[in-house]
Each structure stands twice: as structure tokens, then as C-alpha cells.
Amino acid sequence: DGLVAAARGRGLMCAIDLPRPRAAELVDRLLTAGYLANNTSERTVRFLPPLVVHDTDLDGLLEALRGALGAL
């Protein structure tokens, strides 16, 4: 079982699908780490970053996402 079943998006607007219905838990973990995302279904997490975002912010999000996914 992989951590993510699928990823899609256009520009910075993107979503990931999880192999198991744990999207709400992932969103909670990201929020605790200081990142805002929302679950659009039991398995899908959507990211809508601001129009102006720095590379360091995206790097931090990816680090938090790896940690949160690993903890699920």
C-alpha cells in the first residue's frame, strides 16, 4: 500500500487521493503543523495555496505532508 493512490491538479491547485478513507485525519495533522487543506471526500485532500507563495512555504508543506502521511 502506497501513501498516496493518485495526485492531480492544475498549477498550484491540486488534490491527492489516499488509498484508505483517512483524509479528515490528514487535514487535522496538516492544520496542527500550520498548513491549511481540506478534505473533499473521505479519501481526497485538496490544496489551494495563495497566488503568491514562496518556495520555502511549499517545501515546508511537503515536509509536513510526508510526516503526516507517514503517521497515518
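Trainee: What should I know before reading the model?
Mentor: It is predicted, so local features need pLDDT of at least 70 and side-chain atom pairs count only at pLDDT 80 or more, while totals for chains, interfaces and linings use all residues. Residues are numbered from 1 along each chain as its sequence is written, and side-chain values use heavy atoms, with hydrogens and water left out.

Trainee: Start with H1. Which residues are buried there?
Mentor: In H1, residues 23-32, they are Ala-23, Leu-26, Val-27 and Leu-30. Buried means under 20% relative accessible area, exposed over 50%, partly exposed in between, with a 1.4 Å probe and protein chains only. Helices are DSSP runs of H or I with at least four residues, strands are runs of E with at least two, and both are numbered from the N terminus.

Trainee: Why are those four on the same side of H1?
Mentor: They cover an arc of only 100 degrees around the axis, which puts them on the same side. The arc is that of the directions from the helix axis to the C-beta atoms.

Trainee: What do they pack against?
Mentor: Strands S2 (13-17), S3 (38-39) and S4 (44-47), plus helix H2 (55-71). Contact means heavy atoms within 4.5 Å.

Trainee: Now Leu-65. Leaving aside neighbours within four places in sequence, what is it in contact with?
Mentor: Ile-16, Leu-26, Leu-30 and Phe-47.

Trainee: And how many residues are in the largest nonpolar core?
Mentor: It has 14, and Leu-65 is one of those with the most contacts inside it. H2 gives the most to this core, with 5 residues. A nonpolar core is a set of buried Ala, Val, Leu, Ile, Met, Phe, Trp, Tyr and Cys residues joined through side-chain atoms within 4.5 Å.

Trainee: Arg-66 next. Buried or exposed?
Mentor: Arg-66 counts as exposed because its relative accessibility is 58%. Arg-66 lies in H2. Its C-alpha is separated by 8.9 Å from that of Leu-3, 63 residues away along the chain.

Trainee: Switching to S1. How many of its 5 residues are buried?
Mentor: The count is 0; S1, residues 6-10, is hardly covered.

Trainee: How does S1 run relative to S2?
Mentor: Antiparallel, with 5 bridges joining them. Strands pair if DSSP finds at least two bridges between them. Arg-8 stands opposite Ala-15 in S2.

Trainee: What about the hairpin's turn?
Mentor: There are 2 residues between the strands, and Gly-11 takes a positive phi near 65 degrees.
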